[in-house]
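Have a look at the fold first, then read on.

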Amino acid sequence: MSMAKRTDAQSPEPHAADSHDLIRVHGARENNLKDVSVELPKRRLTVFTGVSGSGKSSLVFDTIAAESQRMINETYSAFVQGFMPTPARPEADVLDGLTTAITVDQQRMGADPRSTVGTATDANAMLRILFSRLGKPHIGPPGAYSFNVASVSASGGFTVDRGADKTKTEKVTFSRTGGMCTHCEGRGTVSDIDLTQLYDDSKSLSEDPFTIPTYTGGGWVVRVITESGFFDPDKPIRDYTKKERHDFLYREPTKVKINGINLTYEGLIPKLQKSMLSKDREAMQPHIRAFVDRAVAFAECPECDGTRLSEAARSSKIKGVNIADACAMQISDLAEWVRALDDPSVTPLLAKLQHTLDSFQEIGLGYLSLDRASGTLSGGEAQRVKMIRHLGSSLTDVTYVFDEPTIGLHPHDIRRMNDLLLRLRDKGNTVLVVEHKPEAIAIADHVVDLGPGAGTAGGAVCFEGTVEGLRASGTVTGRHLDDRAAVKETVRRPSGALKIRGATANNLRNVDVDIPLGVLTVVTGVAGSGKSSLVHGSVPADEGVVAVDQSPIRGSRRSNPATYTGLLDPIRKAFAKANGVKPALFSANSEGACPNCNGAGVVYTDLAMMAGVATTCEECEGKRFDASVLEYHLGGRDISEVLAMPVTEAEVFFGAGEARTPAAHRILGRLADVGLGYLTLGQPLTTLSGGERQRLKLATHMGEKGGVFVLDEPTTGLHLADVEQLLGLLDRLVDSGKSVIVIEHHQAVMAHADWIIDLGPGAGHDGGRVVFEGTPADLVAARSTLTGEHLADYVGA
């Protein structure tokens, strides 16, 4: 057999296809980027560094990943594109050499009560198929094991046209077996409303008995009840007859006429359920959320014991385990159980399920269970759950984009995350990572450092090259890359203690611990060891506790730091007082809005399946206000000029002179304290980075009156240079008489603590115990826990 000779090996000419080894970006101007140009090597790991707000996400997510996604969308038909989001082309002159981008961001998963870790990762879908094939007794198809599918049955007739005026009626029956518990409708919990929190039953309707927000005496909501004709307005509620009480609380919607106007009367409970209780708790206004927390108690469903599943679904078992038991297992235990199953009829399914469960363990989430509500996952956990579907992917030459994948990870777990990123790269993929942790920056093949500052002071490339080159570069990141905080020589003495006894929330094992007051206490431990369960689940949430968690800031492009912090209220009042007009004129969301763009500053043109076009409003030139409003001044500035000021300039402006406004000055001082002095007051919240949003939230909560501050990983999204400023802020809080409790993985914060409580030794059922209590120096000296070992290495002990 003759073989053809290969001649290409001797060819000196490189193949044209091999010349596309770079992703080229020229003239990028998204958000604060200033004509940024970079060339990124393909099939390498590139890390983007820089202070929070320097433009990292604008370059990676809003430019490179966004253009890749937009171009992929354009390959679909116009019909399909009509159903897809239509982002505009990013502001850049050249975007060349892009590959398909898979974005794994930190966006929290939806807080829908029906969404769990299992449903979000397809693990539940595979389990349902497994039980429908092997479960005994057999109760039906996979849907019979789903808590999101209700059992329904129907029958009836329909008419078939046979032509020539002939018709025939055919009878049809339909039934579907679902696994939903009918009592709680697959939620696992039932709500019980405390009537004493809704009204004072010793009062009559005419005496304004309601304690519900918006149910005020003269409002239409109350008038419909009072003037409906169903009740005597002067009769105390406690004296109502059985029928009156039913009408008051549960009556079906009924048409009533009040002052000649047709209105609908409805019982108080269904009205509240529709107007308030059906909404996502996180989306509620603070006063509504406080009312709901006060008036509604959620209890485990007595019919299904919180499993969400019907009795039939729970009766079907494989080797004595039903699907509810399987979903409640820790994933590491469930993987062992699946590994022990051996049935040739479902071999491919078992292999796929086994791989998915092993991926959870590999990524450091083996401590979760599949029935864990996805809305309760932290930002770091949610990002790692999204990574699972990509770990076993056979795709190569793909661009993977990660947003701080080490968030929420103990130093012990960061090594494992680094290995995963390198493995994705070694399969022939381009990996782009936005990151602050030195351990993650160290593995980069290529580094792009943005800065030099944040906001308008950033948006330029300060350095491009290797990690060693970054160290020697003299940039802010280069100077701080080898920063190591020293353990405190002396620690503060506590003024008291917060005693926690018998804590059993989630995986805690009857924990007894005293959290010292009047000092900086840091709670540490590997991810899943029980830190949040101990602090958020066991510290009494009374009036003296101010909790700043990682839940995202919700806000449209009309929201900005001034509206979010409440700063705009004193500013509007100051303008109104100085000019003798109404405060509402100085709001772009109210009477002062430009009539052409309705206060948005831009006019949107919808182009169906093409990207919409946003053009600056010609009437107000993007200032958002009506021209007549801009004629009113305070301290020589109009309202649009004030909103264009950075925080530091506004702090001086409202601190003295004609514009002196103490209420505004206090809020601006807090914003400067948390390192947001460069933000402009009117910058849309949608353009802020994750670290900026976290600090904006912290600044808002600092104004609350409370003796105990609980912070959940405040270093999230913070550059090494900003961590130092955060430590100074924590010290100022403690020195002002507050007690500060911080859940944290960052070794600089641990070293700076007065007292450390370390949980572990592992995650899930291997954690939940206090493995160390004491000063950082004692923890370093003992090296008795994983945290102790890593802290000792960090401080060079």
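## Ground rules

Two strands count as paired if DSSP finds at least two bridges between them. Helices (H or I, at least four residues) and strands (E, at least two) are DSSP runs, numbered from the N terminus.

This is a predicted model, where local features need pLDDT of at least 70, side-chain atom pairs count only at pLDDT 80 or more, and totals for chains, interfaces and linings use all residues. Residues are numbered from 1 along each chain as its sequence is written, and side-chain values use heavy atoms, with hydrogens and water left out.

Strand β1 (residues 22-28) pairs with β4 in the antiparallel sense, over three bridges. One spot to look at is R24, whose bridge partner in β4 is D96.

Now jump to β14 (residues 399-403): five of its five residues are buried, so the strand is largely enclosed by the rest of the structure. Buried here means under 20% relative accessible area, with exposed over 50% and partly exposed in between (1.4 Å probe, protein chains only). T399, V401 and D403 point one way, while Y400 and F402 point the other.

Strand β5 (residues 101-104) runs parallel to β14, joined by four bridges, and A101 has T399 as its bridge partner. Strand β15 (residues 430-434) is also parallel to β14, with five bridges; here Y400 partners V431.
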